[in-house]
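The sequence and coordinates come before the discussion.

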Amino acid sequence: PDGVLFGPVTSDDGGFLAVGTPVDGYPPSFWRSTDGLTWSEQPVSPAFVDSDPSKYFYGVSSVARAPGTTQMVAVGARYQMDDTNDGDAAAWYSGDGGQTWTRAAQGSDFANAVIGGVIAGPHGWIAVGLDGYPQGGTQGIGVKGAAVWTSTDGLHWKREATQASFAGAGMGQVLQNGQGFIASGSDYPTATTAAEPAIWTSPDGKIWTRISANQGFGESAAAGVNSVPNGFVATVTAWGGPSTMWFSDNGTTWKRAEPLPVGSSKVCGGGVLHLHNIDLAIGNDCGSTFPTVRVMVWTSVDGRQTWQRAPSLSMFENADFGSIASNGERLVIVGETYLPSDQITHGFVWVAVPASP
């Protein structure tokens, strides 16, 4: 759709659900598709409009559905219009599959914080994020630390106790594994330390162990983790150096992929997804001089042991990858296109449809 930038996209009830934000403002909207090709916008919910829209706006960073139910939770933050480093965490609940939404009360547990990811657990919901900035909304260096919230109903949230493993870092996403949960994000730089990726594990979503300190990830912006058959893949974005890919079968012990996929020294962001018997790695080409941008794709058919760079497609030129999802049959990528000729960005959706036999 014209004038909409898509944020997170997820497979939902056999189809897809994407969060959209108007290019010229807010509030966020929800878009549904059964096949990835045709999308319809749901009516904007009043729950995503602040009582003072001239001063505050809401951003949605993640959406999750409890398996086998119509219960959904969206998370994000309430920001000041002139300073996105000054905000409070926010959460919304839907009992009818996202048709209608109710915003959770803005309690003290949400103050000066941001929620980045959410997942439905066996006993409710688990959300992860960061505990705001040391100097409030001053765009200052560093963060106060990672933060975790839990809820039994999606509307009433409890901030879990601050832990030593949270210090100086922020969580961006949370996944579930056979032993519990895994969260990933970044150890934020300070005036004397460099950025590092950060990964945590937890048996219950309440007590978290930071496991990345001795893994050898090096100085990097962040780690994004994706669940794949038999384990996890972490894509680590480096500052000024090659990005790397790491494998783990349990989320605790990680091994670097060797050799690196061809061209990955220029990639930033991205993720990995398994579809049928193929693994796909997707990211953005950050080695080119702005405004030349493109989406980069690799495939693997041997269990992620080796990767082949996919031929460059014209549809991926002047484009940025944002988020990826699969419903088991089709692959959907959302992002944005940047056209230097008109100096604006446009939301975009790409769909991979399996070829006929």
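## Aromatic contacts and the sheet

F57 is buried, with a relative accessible area of 7%. The model is a predicted one. Searching the whole structure gives twelve aromatic pairs. One of them joins F57 to Y26 in a stacked arrangement, with 4.0 Å between the centres and 20° between the planes. Because Y26 belongs to the loop between β2 and β3 while F57 sits in strand β5 (residues 56–65), this pair ties together parts 31 residues apart in sequence. Y26 itself is partly exposed, at 43% relative accessible area.

F348 and W350 form a tilted pair, 5.0 Å centre to centre and with 40° between the planes. Here F348 is partly exposed, with a relative accessible area of 34%, whereas W350 counts as buried at 5%.

The two pairs are listed below.

| Pair | Type | Centre to centre | Angle between planes |
|---|---|---|---|
| Y26 and F57 | stacked | 4.0 Å | 20° |
| F348 and W350 | tilted | 5.0 Å | 40° |

Ring pairs also link F30, F48, Y58, W92 and W101 into a cluster. A contact of another kind involves Y56: R78 lies over the face of its ring, 3.6 Å from the ring centre.

How are the strands arranged? An open sheet is formed by four strands in the order β1-β2-β3-β4, with antiparallel pairing. β1 (4–12) and β4 (40–41) are at the edges and have a single partner strand each, so one side of each lacks a neighbour in the sheet. Between β2 (residues 15–22) and β3 (residues 29–33), which run antiparallel, there are five bridges. A18 has W31 in β3 as its bridge partner.

How values were computed
Residues are numbered from 1 along each chain as its sequence is written. This is a predicted model: local features need pLDDT of at least 70, side-chain atom pairs count only at pLDDT 80 or more; totals for chains, interfaces and linings use all residues. Side-chain values use heavy atoms; hydrogens and water are left out. Two strands pair if DSSP finds at least two bridges between them. Helices (H or I, at least four residues) and strands (E, at least two) are DSSP runs, numbered from the N terminus. Rings of Phe, Tyr and Trp (its six-membered ring) pair if their centres lie within 6.5 Å; planes under 30 degrees apart count as stacked, over 60 as edge-to-face and the rest as tilted. Buried means under 20% relative accessible area, exposed over 50%, partly exposed in between (1.4 Å probe, protein chains only). A charge sits over a ring if NZ of Lys or CZ of Arg is within 6 Å of the ring centre and within 35 degrees of the ring normal.
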